[in-house]
Amino acid sequence: MLFRLSVAFQASICLHLSDRLRPFRARPDRFGCSFLARIRRTIAAVTKRLTEVARKAGVSEATVSRVLNGRGGVSEATRTAVLTALDVLGYERPTKLRGERARLVGLVLPELQNPIFPALAEVVTGSLAQRGFTPALCARTIGGVPESGYVEMLLDHQVSGVIFAGGSYALADASHEHYRRLTDRGLPVVLVNAGVEELGFPRVSTDDAVAVEQAYGHLRSLGHERIGMVLGPADHVPSRRKLDAMVRAAGWAEDRSLVERSSFSMEGARVAATKLIERGVTGIVCASDVLALGTIRAARRLGCAVPADVSVVGFDDSAFMTCTDPPLTTVRQPIETMGQAAVDLLVTQIEGAGVLHDELLFEPELVVRGSTAPAPRR
């Protein structure tokens with residue numbers, strides 16, 4: 001029967017077996033060739049694992065062995081580095097150390113195709129590294145590991161905390177059971193941007209109301225009267241906030257003919273924007289830059305020029321929006337400030353200090369480029 005041995009136990013038997021087998025290497029008949037071969041393979045595997053952990057932690061193999069066997073003579077910083085390397089490489093901790101959390105922090109993202117998420121990841125991972133934590137990036141893909149699956153993996157790796165950006169918490173109708181598992185474990189968590197209220201985690205968010213006020217005010221100043229919106233799904237909390245802000249700013253009644261919803265893709269936005277343009281809308285506020293690019297594509301397929309016939313405002317100010325044709329007018333999220341604030345909130349929780357489970361709102365900035373212009377004369 002084969003057993004999965006911890007690295008610590010393997011390390012402890014490695015030198016012992018190596019010394020004990022030395023007298024028999026010239027006389028394999030005492031044990032049998034197959035048995036000796038198995039032992040040698042075990043020693044080689046253990047040595048390889050020790051080497052991997054030592055290289056990852058930047059220490060000697062002997063130091064790794066001392067840490068895993070609970071021996072003294074190792075600084076706390078070195079001990080932490082070895083245990084973190086063990087977690088990152090996916091090896092089991094020794095049983096006596098499994099109750100301790102690693103200095104790993106999970107960063108769970110919905111995707112990497114939208115440029116705003118890699119930008120946030122760069123800020124968060126850099127800030128975590130400065131605070132002595134190793135980031136574990138988990139990005140979902142179509143048909144890949146679901147968010148709940150990543151939560152299980154992070155719990156198995158004894159992470160110190162998790163930062164979520166744009167996950168299921170932002171969808172009111174989605175399952176939130178995996179977040180409650182984190183609450184039950186008492187694990188520090190921070191959410192980036194608006195989510196459902198009942199989870200009770202600290203949040204750092206862009207002020208969606210201010211973003212819409214800026215975009216709407218800009219289009220109105222250019223003379224646009226029929227201003228529509230391309231938003232995310234109906235249960236998407238940030239999109240709900242943007243719609244509420246537009247209702248207040250524009251004085252909309254029950255009529256929602258100036259609103260279309262879409263998945264956060266250019267293809268979905270093209271379908272949604274086509275309907276708005278066909279209804280005579282001349283200015284469109286979008287819930288993301290990706291939706292704005294899909295809206296521009298829709299206008300062109302209908303034979304409309306941007307911005308001469310239709311003005312478009314995005315949201316995010318993600319990478320390369322200055323390189324689009326035309327350069328995109330958008331509302332910039334303060335990603336660097338928000339990312340650093342998220343790390344500060346998480347580390348404060350990890351260190352045992354209390355934090356308010358409220359939402360920190362950060363003010364966005366309207367960036368005017370070439371996708372908006374005065375309303376066309378009819």
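The largest cavity is lined by Ala 211, Val 212, Ala 215, Lys 242, Val 285, Cys 286, Gly 314, Phe 315 and Val 331. The model is predicted, so local features need pLDDT of at least 70 and side-chain atom pairs count only at pLDDT 80 or more, while totals for chains, interfaces and linings use all residues. Residues are numbered from 1 along each chain as its sequence is written, and side-chain values use heavy atoms, without hydrogens and water.

**Cavity**

- A cavity is a set of points, on a 1 Å grid over the protein atoms alone, where a 1.4 Å probe fits but cannot get out; lining residues have an atom within 4 Å of a point.
- The count comes to one cavity of 30 Å³ or more.
- The largest cavity holds about 40 Å³ of space, where a volume is the space filled by probe spheres set on the points, and grid points are joined across faces, edges and corners.
- Helix H8 (208-221), strand E8 (283-286) and strand E9 (311-316) are the elements that each give two or more residues to this lining; helices (H or I, at least four residues) and strands (E, at least two) are DSSP runs, numbered from the N terminus.
- H8 gives the most, with three residues.
- By class, the lining has seven nonpolar, one polar and one charged residues; Ala, Val, Leu, Ile, Met, Phe, Trp, Tyr, Cys and Pro count as nonpolar, Asp, Glu, Lys and Arg as charged, and the others, Gly among them, as polar.

**Aromatic pairs**

- There are two aromatic pairs; rings of Phe, Tyr and Trp (its six-membered ring) pair if their centres lie within 6.5 Å, and planes over 60 degrees apart count as edge-to-face.
- Phe 164 and Tyr 179 are edge-to-face, at 5.1 Å centre to centre with 75 degrees between the planes.
- This pair links distant parts of the chain, as Phe 164 is in strand E3 (residues 161-165) and Tyr 179 in helix H7 (residues 177-185), 15 residues apart.
- The ring centres of Tyr 169 and Tyr 179 are 6.1 Å apart and their planes are at 75 degrees, so this pair is edge-to-face.
- Tyr 169 lies in the loop between E3 and H7 and Tyr 179 in helix H7, so the pair ties together parts ten residues apart in sequence.
- Phe 164 and Tyr 179 are buried, and Tyr 169 is buried too (under 20% relative accessible area, 1.4 Å probe, protein chains only).
- Ring pairs link Phe 164, Tyr 169 and Tyr 179 into a cluster.

**Charges over rings**

- A charge sits over a ring if NZ of Lys or CZ of Arg is within 6 Å of the ring centre and within 35 degrees of the ring normal.
- The charged end of Arg 103 sits over the ring of Phe 133, 4.0 Å from its centre.
- Lys 242 lies over the face of Phe 315, at 4.0 Å from the ring centre; Lys 242 and Phe 315 both line the largest cavity.

Conventions
1 Å grid on protein atoms, 1.4 Å probe; cavity = no way out; pocket = protein on both sides within 12 Å on 5 of 7 lines; lining within 4 Å. Phe/Tyr/Trp six-rings, centres within 6.5 Å; stacked < 30°, edge-to-face > 60°. Buried < 20%, exposed > 50% of the residue type's maximum accessible area, 1.4 Å probe, protein only.
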